[in-house]
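Good morning, and thank you for coming.

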Amino acid sequence: MSRSASLPVLYEGEVKLTRKKLLNSITSATDLGNVQFLSSQTNFDDELLAHKVFLLLSWSVCWLQYGDHRPYAAASLLRRWRDRTEERASRRDTDSPNEFIQDLLFRWLDTNENARDPKNLNMVALLFGELIESGLFSFDQYIQRIIARGEPGLKLGEVCILTL
């Protein structure tokens with residue numbers, strides 16, 4: 001049975017609201033070491049974990065949210081989760097979370113409306129700059145994936161128009 005089918009809709013909404021409240025309570029003065037947003041589980045197939053990461057990324061770039069600290073906070077929370085999970089994985093001789101994070105970030109960029117909204121472009125750039133700096137996102141791998149898929153605008157004869 002899927003997770004969403006097993007929980008009442010009201011409960012899902014309350015949990016989602018609680019997660020958003022937690023994110024909105026983060027300020028530039030918040031000690032992110034005390035913020036428990038992502039659990040240190042190592043089950044990378046969990047859609048709840050993917051949902052939380054998508055919520056975190058969307059919150060960090062949405063122009064309707066307040067604060068320039070959000071991309072830094074999101075990258076820091078994701079880095080802390082990766083570090084804890086990687087440490088646990090090395091002790092248990094299981095998979096590293098790095099590939100999982102890459103796939104989630106690629107999927108978020110490809111599918112999320114907040115990632116595509118021109119109003120969020122500066123914050124998306126800031127977020128991914130932080131993710132690259134933290135070793136959480138590989139721009140090279142992303143470009144390789146785009147080329148492999150044959151995205152429009154990559155061939156010499158094609159024109160790609162970016163509207164801002």
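Asparagine 120 lies in the loop between α6 (113-116) and α7; helices are DSSP runs of H or I, at least four residues, numbered from the N terminus. The model is a predicted one, in which local features need pLDDT of at least 70 and side-chain atom pairs count only at pLDDT 80 or more, while totals for chains, interfaces and linings use all residues. Residues are numbered from 1 along each chain as its sequence is written, and side-chain values use heavy atoms, with hydrogens and water left out.

Is asparagine 120 buried or exposed? Its relative accessible area is 0%, so asparagine 120 is buried (buried means under 20%, exposed over 50%, partly exposed in between, with a 1.4 Å probe and protein chains only). The side chain of asparagine 120 reaches the backbone oxygen of asparagine 114 at 3.0 Å. Setting aside neighbours within four places in sequence, asparagine 120 is in contact (heavy atoms within 4.5 Å) with Val61, Cys62, Trp63 and Asn114.

Val61 takes us to helix α3, where Val61 is one of the buried residues, which also include Phe54 and Trp59. Of the 15 residues of α3, 12 are buried, so the helix is largely enclosed by the rest of the structure.

Lastly, isoleucine 132 is in helix α7, residues 121-133. Isoleucine 132 is partly exposed, because its relative accessible area is 40%.

Definitions and conventions: Helix = DSSP H or I, 4+ residues; strand = E, 2+ residues; numbered from the N terminus. Polar contact = N/O pair within 3.5 Å; in protein donor to acceptor, adjacent residues only side chain to side chain.
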